[in-house]
Amino acid sequence: MSHRTGLVLDFGGVLTTPLLPAVLAFEQREGLPQGACIKALYMDEEGVRLTHELERGAISQTEWNEAAAPKLGVAPDNLMGRLFADLRPERSLIDAAAAAKRAGIKVGILSNSVGLTPWNLYDGYELDALYHSVVISEHHGLRKPDPELFEVVLKQLGLAADECVFVDDTEEYVRAAEKLGFAGVHAQQPEQTIARLEALLGVPLTAAH
C-alpha cells in the first residue's frame, strides 16, 4: 500500500474535545432540558438553515446568536461562546498532527466556521503557525461537504485528494471526502484515530513509538 503524504483535519471535535459534552454542559448551566440544542438547532429546518448560513459567512455570529437564542429561550449575548465554553484542546491529536508535519506530511485544517467574533473558536491554537494550510469555510462562501471547499485546501497544500487523508467527527463530511479520493477517517476516539492515521501515513505519531 502506498502511504498518503497529506493530512487534512477538521478542527472542532478533532483538535478539540468532543462537541456534544460541551453542548450538554451548556444545557445544564442554562437550565434547559437535555437535547434542547439538538432539537432547536439541528433537527429544526430553520435552525439548520441558520447554521449553514453562518458556516458560509452569509450571516455573522452575532446575527446567529440573536436568531438562535429565542429558539432555545436563552439570552443571545455571546451565545456561541457560551454553547462551546467547555471545549478544550485534544492534545493527543494536536501532538499527532505535529508529529506528522515533522515527518514530512503536509498538514492542513478544513473547518466549517461558527463565526469569528465576538467569540473565536480558534483562539490560542496558533493554526497559521502550525499548519501548512488553514481553510475556514466562511472565508470562501462555502461549507463542508461542498466539493469546492475540499479543492481549496488541496490547492493550498499542492496535493491531489488521492494523496491525502481527511479526518472529521462528522461522518457525512468523511464520506464526501472519500468520494473525492481522500482516505477518510471518522474521528470518534483519539487513540483509534491516531492508529488509523499511522497506518495510512506510514509514520509514527505518538511518543510511545
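Biologist: Which residues does Thr-193 touch, not counting residues up to four places away in sequence?

Modeller: This is a predicted model. Thr-193 sits in helix H10. Leaving out residues up to four places away in sequence, the residues that Thr-193 touches are Leu-93, Val-167, Val-185, His-186, Ala-187 and Gln-188.

Biologist: Does Thr-193 count as buried or exposed?

Modeller: The relative accessibility of Thr-193 is 3%. Buried means under 20% relative accessible area. Thr-193 therefore counts as buried.

Biologist: How are H6 and H10 oriented to each other, roughly parallel or roughly antiparallel?

Modeller: Two packed helices are described by the angle between their axes and the distance between the axes. For helix H6 (residues 91-102) and helix H10 (residues 190-201), the axes come within 10 Å and cross at roughly 15°. Angles under 35 degrees count as roughly parallel. H6 and H10 are therefore roughly parallel.

Biologist: How many nonpolar, polar and charged residues does the contact of H6 with H10 have?

Modeller: From H6, the residues that meet H10 are Ser-92, Leu-93, Ala-96 and Ala-100, and their partners in H10 are Pro-190, Thr-193, Ile-194 and Leu-201. By class, this contact of H6 with H10 has 6 nonpolar, 2 polar and no charged residues.

Biologist: How does H3 lie against H4, roughly parallel or roughly antiparallel?

Modeller: The axes of helix H3 (residues 45-56) and helix H4 (residues 61-72) come within 10 Å and cross at roughly 165°. Angles over 145 degrees count as roughly antiparallel. That makes H3, relative to H4, roughly antiparallel.

Biologist: Which class counts describe the contact of H3 with H4?

Modeller: H3 contributes Glu-46, Gly-47, Leu-50, Thr-51 and Leu-54, which meet Gln-61, Trp-64, Ala-67 and Lys-71 in H4. By class, the contact of H3 with H4 has 4 nonpolar, 3 polar and 2 charged residues.

Biologist: Against which strands and helix do the buried residues of H8 pack?

Modeller: In H8, the buried residues are Leu-149, Phe-150, Val-152, Val-153, Leu-154 and Leu-157. One of them, Val-152, is in contact with Val-135 and His-140 when its neighbours within four places in sequence are left aside. The buried residues of H8 pack against strands S1 (6-9), S2 (106-111), S3 (133-136) and S4 (164-168), and against helix H9 (171-180).

Biologist: Is Asn-78 buried, partly exposed or exposed?

Modeller: Asn-78 lies in the loop between H4 and helix H5 (79-83), and its phi is positive, near 50°, in a residue other than glycine. Its relative accessible area is 33%. Buried means under 20% and exposed over 50%. Asn-78 is therefore partly exposed.

Biologist: Is Glu-126 buried or exposed?

Modeller: Glu-126 lies in the loop between S2 and H7 and has a positive phi of about 50°, although it is not a glycine. Its relative accessibility is 56%, and the cut-off for exposed is over 50%. Glu-126 therefore counts as exposed.

Conventions. Residues numbered from 1 in each chain as written. Predicted model: local features only at pLDDT ≥ 70, side-chain atom pairs only at ≥ 80, totals over all residues. Heavy atoms only, no water. Contact = heavy atoms within 4.5 Å. Axes fitted to C-alpha atoms, helices over the stretch in contact; angles between N-to-C directions. Helix = DSSP H or I, 4+ residues; strand = E, 2+ residues; numbered from the N terminus. Parallel < 35°, antiparallel > 145°, perpendicular 65-115°, else oblique. Nonpolar A, V, L, I, M, F, W, Y, C, P; charged D, E, K, R; others polar. Buried < 20%, exposed > 50% of the residue type's maximum accessible area, 1.4 Å probe, protein only.
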